[in-house]
Structures are given as structure tokens and as C-alpha cells.
Amino acid sequence: MSSTIPASQQHADLQHAGQYHADHRLFGLATFLVADGMTFAGFFAAYLTFRAVNPLPAGAVYELELLLPTVNTVLLLLSSLTFHRAGTALKQGDNARCRRWLLLTAALGFTFLAGQMKEYFSLPFGLTDNLFASTFYAITGFHGLHVTLGGLMILIVWWQSRPGGRVSASNLFPLEATELYWHFVDGIWVVLYGILYLL
Amino acid sequence: MTLTLFPPQTTTPLQPRGWLRYLSFSTDHKVIGLQYLVCGFLFYLVGGALAGAIRTELLTPISDFLPRDTYNEVLTLHGTVMIFLWIVPVVNGGFGNYLIPFYVGARDMAFPRLNAVAFWLIPPAGLLLISSYFIGSAPQSGWTAYPPLSLTTPAIGQVLWILSVLLLGGSSIFGGINFIATILKLRRPGLKLMQLPMYCWAMLGTSILVVLSTPVLAGTLVLLSFDIIAHTGFFNPALGGNAVVYQHLFWFYSHPAVYIMVLPAFGLVSEILPIHARKPLFGYTTMVYSIMGIVVLGLIVWAHHMFTSGTPPWMRLFFTIATSFIAVPTGIKFFNWIATLWGGKIALNTAMLFCCGFIVNFVFGGITGVALAQVPFDIHVHDTYFVVGHFHYIVYGGTVFVIFASIYHWYPKFTGRLLNEPLGQLHFWLTFVGFNLCFAPQHWLGLNGMPRRVAEYDPQFQLINQISSAGALLMAISTLPFLINVLISAFCGQQAGDNPWNGLTPEWLTSSPPPVENWKGEAPLVTEPYGYGVHPHPSTP
């Protein structure tokens, strides 16, 4: 390669040759969420197989209460909606409104977790009681970890979008990434609710 | 998608220069690639020493060199080290990181910091795994860690094994995300997908498999660790669990893992053959579709590892048929490589020799693979040395041969110096003879019923085992000329110039070793990476 490059070409270099490139972090996150989704898919497949071929010991309880999880489902779905409103507000440059919606979203998320805790403590079985119990706690616990992480991320974005913070209409990425993740966690819950509670 | 423009992250002023870069958290894809290669090779030596211990034990029918438990530890560590710390990191992370940014015309990977994180997960994971041997007990349940065996062997080793594999799986997933984003999103403007060098397609297919299947293994191993630590019963039949579900989930990753190990090798061979045969790669389009076909089929063949696990007849039928189908895209690729060589001006150098060795070995391993896919045959030889012979023909005769071919081929790019050719030829012939002497007889052992994973065997098998061990000794010796060659040539090797093989792929169109951001000027637009002998090219004879 020649080491003398015409100025015009150096300019083209900066513009086109990959020296600067578009922001692909959301694409990367989406790919990661596919991987994360496959972890849940593995758990669901294991649960369904256990259910199909492994009879529970006599007297094992695996009836779940439906009211609390259903309320929880509604809360999570609402939180996806409120997060969407937060994103819309930020894009319009209204940080204050965005932050109110973010707080509401986080509150819904943590209420969901509180509900989950309440359910855990009221269930008649523990982690090691039987195969159904173990699988139930493993899957809902893994999902609960995701909600916890998402809730913390929302609080961080809430803090970052304060006046003078790094998140604003000109830097949407932290909010968009958290939003994508949050919708993913909600979507997983809907599948989980269908498989674990309704089926 | 926001339109923020990203400045390159490769030239942080704080990063050290010189050889210290290779011990640093460098975000330069070339540094990371070589970190993977060297780190992987060190683990290859560890895994090789363990293999030497296995073959020494098997010189005699009784358990005399190693106690039985130690033998189990050694074979478990051997499998895990070779797969997770040598082949997967080197053939993906090593060559992938070094070559893919060149091939797509980028200055680095899409996420350079994530890339460095992915590499630096590997050394601690490896040390964690090996440390288990010194702090009580190494894992003893094989690289498959099937329960209930993995629940009854000492827990400390098994838990450390799980932690280590989780870290390595995370590294692999981060790498896969990076490759997918780099190949799909970071291509130089004007470069179309169907103009990419074949290794890009191989890495795209591999990364799709990594992203889809590795998380399933990770989740499964977390459940297994619950069984060990918290005494849940997911996979423990004594507690009402289901051990076969573990096998399904394990092989949902670990069969695609075979393709995660060989698809990149297929890609590397497709780069090396055209250059040294001075001909275009035959059947580019069919190669691409074959790779993607293998990706799809590779995800739906896992239960052929489980034909003796009480698998119902419909499942056996399905997985036999699906597995047999994989021979079609694989066969297409082999015919394409042979057609690439056909009538070419072949330079029979070390890189080419290792590629030819790969073709011979892999065809043999592929044929025994198709045989193993058939239920009646598989039930006869399941868990015997036939399977051991088969998969070593795939992962060693296939992938490791390609790793060596690639090192001989790209070493001039890494260092600016050529490897010594006579030492290289010696390395090849020792490896080729040693490998076949070691693993071909194992098929006979398996057909006659010698089980795998045991330290003791029927005395009638002693002679064949000794022949196999002699082959292993040759393989161990073959490492010496290679090590000497690589170490000495770095300082005293013949100067290679920028493009010693007259290659057309983009990595040859920059200096050797390349500058930090790959090209001093604009990235070249290479739309015909295999245009050998087709169009006049200033540097092509």
C-alpha cells in the first residue's frame, strides 16, 4: 500500500471506510435478547417435558392461585405502555414528563416483584419439594431476576435523564436499550404466564 | 436506530505498545485475535498432556499408570479443555477476530470493548477449571456431565466445571453477537453480502448457532448446579427428576457445538485453497447455501447422540433422517473444494498440505458420522471407541488440521515473516501419520466392543491400543517442530513482504503486520476475493 494518500481520499476514508459508523448497540442488544430468550425457551421446554412425562408424587400440590399472577400480568403490560410513553416524551424533548413516566414504570415493576414475593411466601410448596415446585421457582425466579435488573436500569435512566444528565433527546440510547429490554422481559412473562399458570 | 456516529475505539492513548499489548485489555481486533490464538494454544498443550496421560494409561489393560478416579478426571479435563478452551476460542475468536474486520472492510469489530471482555473471560475460566484438580477433585463425569453421574461424583469439581463452562459460554455468546453485528452491519459501503469471502459466511452461520444454542446449555447447567448445591431434583431420577431432559438440552447445544467447531474451519479452508491453487473458489453460491443449510439442519439433529437413551421410535426415525441430510450440504462443500483444486497451479506448501490432510480426514470422519446416524449401527457402537475415533477425525483431523493450515497461511500476516517450510512439512507429516495411527485403529476397537471412558479393558485389545498410543506419541513429537518454528521464525524467519501468497482477499492488501486501524488509507473494495486467473491482476502470476 502506498503511504501517500490524496487529501480527497482521506476525506472519503473518514466518511465511508468504517472509520466512523452508525450506532449498532441496539442491534447488538437485540441479538443478545434472542440469546436470552433461548435460555427461557430451554427452561420452558424442560418444564413442558417434565409435565408430560414425569408424574408428581401422590399428594403433591401444584395448583397455583390465579388472581395475583393475573393482576401482576396486567401490571407488567401496563408498565410496557408507560415506558413507551416515557420514550415518546423524551423524543419530544420533554425530560420532566419522561421522568414521571419512568418512575411510574419502575413502580409498576417493583410492585410486580412485591406481588411475586407475596406469592412465593403463600405457596404451599418449597424449592426442593418436587419437580414441579423446583421448575416453577427456577423459571419465575430467573424471570424475577430480569425484572429486578430492568427496574434498576430504569432507575439509572431516570437519574441520567435529570436536567443536565447524559440522557436527553440527543442521546436516546440508554433509554431505548432499557425500553427494548423491558418489553422483552414483559413478553417473556406473557409466555411464562400462559405456560405455567394457564396451561 | 439512532444515527450517532461512532469514533473508532482502537487507539486509546492509554493502551501499551509493543508486546505488552498482548497482555492488556486491548480493543484492537488483531491483538485480541492473537490473544485468542496464543491462549488457546497454551490450553492445547495442557489438553495434549492430558491426552498423553490417557494414552499412557491405555498401554496396558489394567489401571496402573493412573488410579481410576484420576483417569476419569483426566478424560473430563481433556475433553473440556480441548473443546471449550482450544478449538472453539481459536477457530472462532482467534481467526474470526483477526480476519473478519478485514473481510468486511472495517477498522475493527462492531463492539471492540465487548470483544476484549469476551477474550478476558477465557483465561480465568480455564484456570478455574484446572484449579479444581488442585483444590480437591477435578470433575469426573466427562465433558457431557450427564446426571446422575455428575450428581454423585465430588461436587466441588463439578461446580467449578459448571462455573467455568458458564464463563466460556458467555464469552462465546458475546463473540457471536459481535460477529453477527460486524458482518451484517459493518460492511464497507459498496460491498455486498454475496461478495464476502467465504469465512464471513462461515462465521455468520457459526455465530447464529452460538447465539441460539449456547444459552440453552447455560440454563441447563444452572439447573444442574441447583441439583448439586440445593438438592433440587431436576435431573435426578431419585428425586423424581428426569435425566433424559438434561441430555436433550445438553445436546441441543453440544451438537451445534460440533458445527461451531467445524464451520469456521470450512470457511478458513475456503480462503486458503484458492490462493495456493491459483483458482477461484468453486461454487461460491452453493457454498453459502450449504453453510446456511448446515446451520438449520444442525439445530434439529441433536438426539442422534441419544439413540440408546430410551428414545421413542418416531424420534429415532426423525433424527436419523435429519442427520443423514446433513451429509448433503457437507458433501457439496467437499466437492467444491476438490473442484477448486482440480486443474489448479497447486503450491504444495505446508498450509496446502494441512488443507489436503483435512479433506482426507474429514471425509473419513464424515462417512463414519453418516454410519453413526443410522440407529441400528449406532446402538451397536454407542459409547465405544468407534465414536471416539469418529469425533477425533472431525475435531482433530478436521478442525485442528485447519487451525495449523491457517497458522502457516496467515503467520506472514501476523508477523511479517514466513514460517520455515521444511520444519512445516516435517510438522505436517508427523501430525498426519501420528493422527491416523492414533485414531484409525480406534474404530476397530469400537466395532469389537471396547467401551470408551474406562481405564481398564479386555486384554485382547492391548496391541491395537499400543498402536494407537504410538500414534499419540508421534502427535506429541509433532508439536516440537511447530513450536520451534513459530518461536524462531518470529525473529529469524524469512521476510515475507505484505503479500507473500499473492492473495486477493483484503487482509493481503495492507502491510504485514497491519497498522492499528488496518489500512493507512481507505479500506479497499474487494468484490471478487477469489478472482485468481480470471482477471489480470498486477500481482497475480
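Helices (H or I, at least four residues) and strands (E, at least two) are taken here as DSSP runs, numbered from the N terminus. The expected span of a helix is 1.5 Å times one less than its number of residues. Helix α6 of chain B, residues 155–185, has 31 residues and reaches 44 Å from its first C-alpha to its last, close to the expected 45 Å. A residue is called buried if 20 or more other C-beta atoms lie within 10 Å of its own, exposed if 12 or fewer, and partly exposed in between, with C-beta atoms placed from the backbone. By that count α6(B) is mostly covered, with 22 of its 31 residues buried.

The model is predicted: local features need pLDDT of at least 70 and side-chain atom pairs count only at pLDDT 80 or more, while totals for chains, interfaces and linings use all residues. Residues are numbered from 1 along each chain as its sequence is written, and chains are lettered from A and ligands numbered from 1 in the order in which they are written.

**Chain A**

Chain A has six helices and zero strands, in the order α-α-α-α-α-α from the N terminus. Of its 199 residues, 34% count as buried. Two residues are in contact if their C-beta atoms, placed from the backbone, lie within 7 Å. Among contacts in chain A between residues at least 6 apart in sequence, 78% join residues at least 24 apart.

A:L68 lies in helix α3 of chain A, residues 67–91. It has 15 C-beta neighbours inside 10 Å and so counts as partly exposed. Setting aside residues up to four places away in sequence, A:L68 touches A:G115, A:K118 and A:E119. A:E119 is 51 residues from A:L68 in sequence, yet their C-alpha atoms are 7.3 Å apart.

**Helix pairs**

Axes are lines fitted to C-alpha atoms, for helices over the stretch in contact, and angles run from 0 to 180 degrees between N-to-C directions.

| Helix pair | Axis separation | Angle |
|---|---|---|
| α2(A), residues 25–53, and α5(A), residues 131–160 | within 11 Å | roughly 160° |
| α8(B) and α11(B), residues 350–373 | 10 Å | about 125° |

Angles under 35 degrees count as roughly parallel, over 145 as roughly antiparallel, 65 to 115 as roughly perpendicular and the rest as oblique. α2(A) and α5(A) are therefore roughly antiparallel. Their contact is made by A:F43, A:A46, A:Y47 and A:F50 of α2(A) with A:L131, A:T135, A:A138, A:I139 and A:F142 of α5(A). α8(B) and α11(B) are therefore oblique to each other. Here B:V269, B:I272, B:L273 and B:H276 of α8(B) meet B:A351, B:M352, B:C355 and B:F358 of α11(B).

A nonpolar core is a set of buried Ala, Val, Leu, Ile, Met, Phe, Trp, Tyr and Cys residues joined through C-beta atoms within 7 Å. The largest has 201 residues, of which B:I87, B:C200, B:V269, B:F354, B:C355 and B:A405 touch the most other members. Helix α8 of chain B, residues 243–277, gives the most to this core, with 22 residues. Beyond its neighbours within four places in sequence, B:I87 is in contact with B:M82, B:M261, B:V395, B:T399 and B:V400.

B:P61 sits in the loop between α1 (29–57) and α2 (68–104) of chain B. With 15 other C-beta atoms within 10 Å, B:P61 is partly exposed. Not counting residues up to four places away in sequence, B:P61 touches B:E456, B:Y457, B:D458, B:P459 and B:Q462. The C-alpha atoms of B:P61 and B:F362, 301 residues apart along the chain, are separated by 30 Å.
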